Every structure is written in C-alpha cells, then in structure tokens.
Amino acid sequence: MAEGLAMAFIEDPTNEVRRRLHELIREPLPVIDDQEMAEREDAAEAYAGEDEGHFVDFCEDCVATSVNAMLDIRKIQKECLDLYMEKEPPNYAKKEAWQSKVVIPKPHGAVQYAMAAIRKAFSVDFLSIENEADPTAAEIWEKLMMRQLDKRHANFPIAFTDATGVSFAVGQSLEMIPVWRPGRGLQYSLAEPWKIHRDPDALSRHPQSGMYWIHQEYLDAFVLKEGEKQGKYVNAQQAIDSCGEMPKGDLMLTKEEIARRKNQIWRRSKYRKAVMVSEFWGTILDKKGEMLLPSATYTTCGRKVIRLPKKSPYRTLRWPGMSFSPLPNFLRYDGRGLLEGIRTIWYFMCSLLCLHADNLNWVVNPPTEIDISSLVDPDDVDNYPGKQYLTRGTISGQQAIRTVERKNITNEVLANLQYADQNFQRGTFVTDAVQGLPGYRAEITAREAAQNLDQALSVFGLMGMNVEDGAIEAISAGAETVEINAGLDDLSEIFPNEVLMTMVDETSPTGIRLPKLTGAYHVSGVSAVMRDAEVIRAIRDTILPLAGTPLFAPYMKPYNIIKSLERRLNLKDEGIIVDEAAAQTVDAAQQVAQEEAIQIEREQKARELLTPLGQVPGQGGGA
C-alpha cells in the first residue's frame with residue numbers, strides 16, 4: 001500500500017499534459033523549400049494514380065477517428081439544436097391524446113437575444129488593420145477587406161451573426177469557409193459543425209491546430225460531372241457509381257438525419273442523385289505513417305480520388321475553415337453554448353406546465369359521483385348542462401349526484417415555475433435585466449437595476465471577446481483567399497489608377513501583387529461596445545457634472561468630450577459636430593472669453609479689497 005502511494009506521487013501528471021500541449025500548439029511543419037515541395041507534390045500525385053485506395057482509406061480512417069471521438073459531443077449538440085428549435089420534449093411521444101403538450105418558448109428567445117447583441121456590435125466600421133512598419137499596406141488592405149466584407153459581397157456581419165447563433169445554441173459555430181466567386185468576390189460558405197471532421201487532438205481556440213480537417217457534403221452527381229468538364233475533378237462517373245447510400249459510421253450525416261434537422265422528410269427527386277464528397281486538408285501520410293505532404297488537400301467520392309493531392313494554395317493556412325465557441329472548452333476544440341446546462345430545467349418546466357394544465361381539466365370540469373341506488377331510473381346516468389334526475393330520498397340524506405372537488409394548486413405551480421425560470425436565466429446568462437424586463441421583484445431601485453444589468457452583461461463581455469477572436473480568424477482566412485484570387489478588375493472600383501499601377505505584376509497568376517499581408521487585425525465587437533457604454537456612462541455621470549463646476553471647468557476640453565460621444569454613439573455620418581478647424585476657432589474664442597471673464601473677476605475682487613469698510617465705491621469719504 002505504501003509502495004503504491006509512493007508511486008502515485010513520483011511525477012505530476014500535469015507535466016505530461018503540458019508537454020503534449022507544447023507539442024500540439026501550432027506544431028511547426030517541417031521546413032521544405034519550393035523544389036522539394038514540388039517533388040513531393042508530384043510523388044503524391046503519382047502515388048494517388050497508382051494506389052488511390054490508400055488515399056481513400058486514409059481519409060475514411062481520419063473521419064472515423066474524429067466521429068468516434070466526438071460521438072458523445074455530437075449527441076449533446078443534436079439535443080441542444082432540438083432545444084433551440086423548441087421541439088417537443090422526448091417524453092411527449094408517450095402522452096395520451098387528452099394530455100397537454102405545452103412547449104414554453106424560452107430557448108429560442110435566449111439565443112436570439114445573444115445574437116442581437118452580436119449583430120448590434122458589428123457596426124459599419126468594425127474592422128481596422130494596423131501595421132506600423134508599412135502604414136500604406138495596412139490602409140490598402142483595410143479598404144480592400146471592408147469592401148469585400150460589405151453587404152454586396154461577403155455580407156460578413158450577417159454571416160458571422162448566423163455562425164455565432166449556432167455557437168450559442170450548440171456550443172460550436174458554423175464553419176466559416178471563405179470562397180471566391182468570380183464576378184462576386186469574397187463569399188463565406190457556412191457548414192454545420194457535424195459536417196467538419198477535425199483531428200481530436202486539435203486545441204481549444206486554435207482552428208488551425210491538429211493534423212487534418214475534412215469537410216463532408218452531399219453534392220449532386222451533375223455537379224461532379226460539370227466539374228470534370230472544367231478540369232476540377234477526375235473520374236467523376238466512376239466515383240458516382242462506387243458510392244453507397246449511407247456514409248460509413250457517421251449517423252449525423254445520413255440523408256434522413258439531415259432532413260430531420262430541417263424539420264423535413266427525406267424524399268429526393270428521381271432526377272437527382274446526391275453523393276457524399278469528402279474534402280481532405282492537412283498532413284498526408286503513407287501506409288507506413290511517413291509524411292508525404294505536410295500541408296495538402298485532395299478530394300474523394302466513394303472509392304475514388306476525384307481531385308488529386310496538391311499543396312495548400314494559401315500562404316499560411318493549412319485549411320480554409322474557421323469556427324469558434326462563445327465559451328471554449330479548456331481541453332478540446334469545441335465549447336459550450338447557452339442551452340447545454342438548462343436542458344433538463346426546460347424539460348421540467350414544460351412537464352410541470354403540462355401537468356398543471358391537465359389538473360385544470362379536473363378543476364374546471366370536475367368529475368361527478370352518482371349514487372344509482374337513489375335514482376328512479378338507474379340507467380339514466382348521462383350528464384350534461386341542465387340535466388334533470390328523478391331521485392328517491394336516501395336514508396343518510398346525502399345527495400344522489402355529487403361533484404368531486406379538487407384543490408386548486410395554481411399558486412404552488414407558479415412558484416415552482418418562477419424558481420425554475422430563475423435558474424433558466426442564470427444558466428443561459430440571458431436574465432430579465434439583459435432582456436429589459438422588470439423581473440420578479442416588485443420593488444427595486446434604479447441604482448440596483450443598473451448594477452444588475454452591468455453584472456449580467458459582464459459575462460457577455462467575456463463571450464464577446466471569444467467570438468471576436470473567431471471573427472479575426474475568419475477575416476484573416478478571407479484575406480488570404482482574396483490575396484490568391486483578386487484580380488485587377490476586382491480592385492478597380494476601390495483604388496485609383498495610380499495605386500493600381502503599383503500592384504500590376506504580369507508574373508502573378510492573378511495579374512497583380514498585393515502588399516504583403518502583415519499587421520494586426522482589430523474587430524470592434526461586443527467587448528468594444530461594452531467598453532464604449534462604460535465610457536459614455538463615465539462621461540455622463542462624472543465628466544459632465546464636473547464640467548459644470550467653476551473649479552474644474554477650466555481643465556475640460558468640450559470638443560474632445562463631444563467627439564468621444566460621437567465616435568461611441570456612431571454618429572459620425574450624421575454631420576452633427578463641427579470639423580477640427582471650426583472647433584479650433586470656437587476653442588480660441590472661448591479661451592479669450594474665459595480669460596476676459598477671469599480678468600474681470602480679478603479686477604472686481606481687487607476693487608472690493610481696496611474699498612474701505614463701509615465706503616461705497618465711487619463716493620468720497622469726506623463729510
């Protein structure tokens with residue numbers, strides 16, 4: 001026993017965890033020059049032609065590894081998605097026809113309130129790029145990305161809000177995959193989390209960690225055939241013929257399950273055939289586990305490789321997809337949403353209200369007890385309003401027909417519902433104060449209400465910082481997509497000709513060469529909005545009252561106060577405040593007037609000191 005205890009304390013197990021984390025965080029890929037990379041790419045392509053079964057098996061093995069590791073997590077996500085859609089609790093299927101099936105509309109509203117906070121945070125100027133070493137490059141990229149992220153192109157605020165909404169519901173956002181549409185520019189394709197298979201060793205908050213990233217999707221057969229004509233795919237018809245009806249091992253991606261999540265019934269047109277396509281990104285290994293390509297991509301369908309292995313076209317990205325979580329898990333790559341912790345509470349609230357509604361049936365329409373021995377006609381037991389019975393007198397004097405009363409427990413039920421609702425709000429962080437509702441307390445001071453709101457929003461500040469990190473990752477991926485696809489025509493409506501001429505490069509595949517994509521990205525999201533609210537509150541409660549006192553007024557700069565409010569209230573486009581030159585003129589005039597007022601006040605005090613006691617200024621002192 002002593003020996004066992006001694007063995008238990010030989011080494012701290014957290015040391016092994018730290019070592020493994022050190023290995024996984026941004027595992028540096030081997031440094032390979034362009035020539036060796038080209039040779040490896042040619043070798044991998046030849047390998048795929050000789051033994052494409054290995055690439056198919058390797059992709060399927062990676063998918064199976066991810067599916068098995070995420071099995072329990074996907075079940076929770078499936079349940080949370082049903083909860084968000086406010087589907088009937090599972091036990092309702094066993095109810096009788098007369099029993100109530102009440103669904104309380106709360107989970108959907110909680111997620112929508114959180115999404116509204118995200119959407120409100122992304123104003124027009126939500127992105128800024130800074131590069132002290134090359135300010136011109138930062139300015140070019142900021143203008144370019146703001147144009148590509150606007151409503152006419154990627155419509156990033158809406159796409160990001162939708163992705164964030166799923167993360168609030170199930171714990172992990174939609175996968176934001178930047179794609180380039182010729183003539184339309186940057187777009188974001190949003191994929192559900194269960195269609196993305198990541199390496200189980202991927203780290204929290206690091207979307208580019210792990211060894212692989214696989215996107216599975218059903219595509220129409222004609223799409224593959226058209227892609228083959230355009231040179232995008234190969235062996236399309238053979239791949240279609242080799243496809244089965246069911247994906248191997250992943251019940252989340254069956255056609256019936258996909259339709260069920262949409263509240264639809266699977267029924268495909270007889271003219272359309274959908275096949276499962278798997279797009280692999282990451283490190284490719286051979287049969288011995290040796291590396292073929294460190295950062296590559298290929299596509300499989302059925303038992304065929306329909307796009308041969310190629311190195312990743314991105315400058316730094318290993319794969320294009322990015323996702324995030326409002327409350328990331330500490331140990332794995334996903335997180336927790338707003339609904340995971342209140343699932344059973346919501347089931348309880350729905351069941352309690354159903355039981356109360358069922359009980360009200362007996363309270364409003366109570367059962368009737370009939371003593372047939374007291375009836376003249378024992379068979380006359382029908383009961384309806386205004387019914388008359390012929391009865392005999394009873395020995396005990398009891399009524400022949402009596403109503404069986406039940407106790408009304410509405411107050412007790414409402415008290416329990418209120419307690420459950422309070423726990424629901426605490427579990428989702430969307431309290432009455434966040435929603436602007438009065439809450440359950442009848443008497444509450446304005447100061448206490450403001451304090452409750454401030455504390456309730458603090459956790460949204462934390463979640464806001466987490467989703468802002470996801471926004472930066474998605475925008476960075478979009479920038480690299482723009483970098484390798486944008487041409488001269490795409491930039492002509494943004495930059496003048498003199499700037500465009502400096503970007504022309506005939507050796508580049510796109511005909512232009514943008515400045516090097518470096519610098520720091522900043523996104524003004526929820527946390528920035530909350531900081532702005534704090535500044536506005538400080539100006540209102542502290543600065544403005546001090547500005548009205550003679551002691552502190554000389555030290556205040558009114559124009560700076562107004563500009564601070566203009567920026568934080570997003571009123572720049574309204575043209576309410578004067579420009580810098582006019583402000584300087586006003587400040588100078590106010591400064592002169594202030595100095596004159598101070599001088600007059602000083603002279604007044606001096607005259608008061610020089611005037612003898614009891615003597616009226618301006619009058620002589622003689623008799």
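Author: A residue is called buried under 20% relative accessible area, exposed over 50%, and partly exposed in between, using a 1.4 Å probe and protein chains only. By that rule K87 is buried, because its relative accessible area is 19%. This is a predicted model, in which local features need pLDDT of at least 70, side-chain atom pairs count only at pLDDT 80 or more, and totals for chains, interfaces and linings use all residues. Residues are numbered from 1 along each chain as its sequence is written, and side-chain values use heavy atoms, with hydrogens and water left out.

K87 sits in the loop between α5 (71–84) and α6 (107–121); helices (H or I, at least four residues) and strands (E, at least two) are DSSP runs, numbered from the N terminus. Apart from neighbours within four places in sequence, K87 contacts (heavy atoms within 4.5 Å) D82, R260, R261, N263 and W346.

Next, helix α8 (residues 156–170). Of its 15 residues, 12 are buried, so α8 is largely enclosed by the rest of the structure. Among the buried ones are F156, F160, T164, G165 and F168. The expected span is 1.5 Å times one less than the number of residues; for α8 this gives 21 Å, and the end C-alpha atoms are 21 Å apart, which agrees. G171 follows α8 and has a positive phi, near 105°.

F156 also belongs to the largest nonpolar core, which has 73 residues. Such a core is a set of buried Ala, Val, Leu, Ile, Met, Phe, Trp, Tyr and Cys residues joined through side-chain atoms within 4.5 Å. W141, M145, L149, F156, M176 and L491 touch the most other members. Helix α15 (residues 446–485) supplies the largest share of this core, 9 residues. A second, separate core of 17 residues includes F55, F58, L285 and L292.

Two strands pair if DSSP finds at least two bridges between them. In this pair, A296 stands opposite K311 of β8. Both strands belong to an open, antiparallel sheet of 5 strands, ordered β4-β5-β6-β7-β8. β4 (196–198) and β8 (304–311) are at the edges with a single partner strand each, so one side of each has no neighbour in the sheet.

Over residues 1–10, pLDDT stays under 50 and the model has 0 contacts beyond four places in sequence.

Note on methods: pLDDT is the predictor's confidence in each residue, from 0 to 100.
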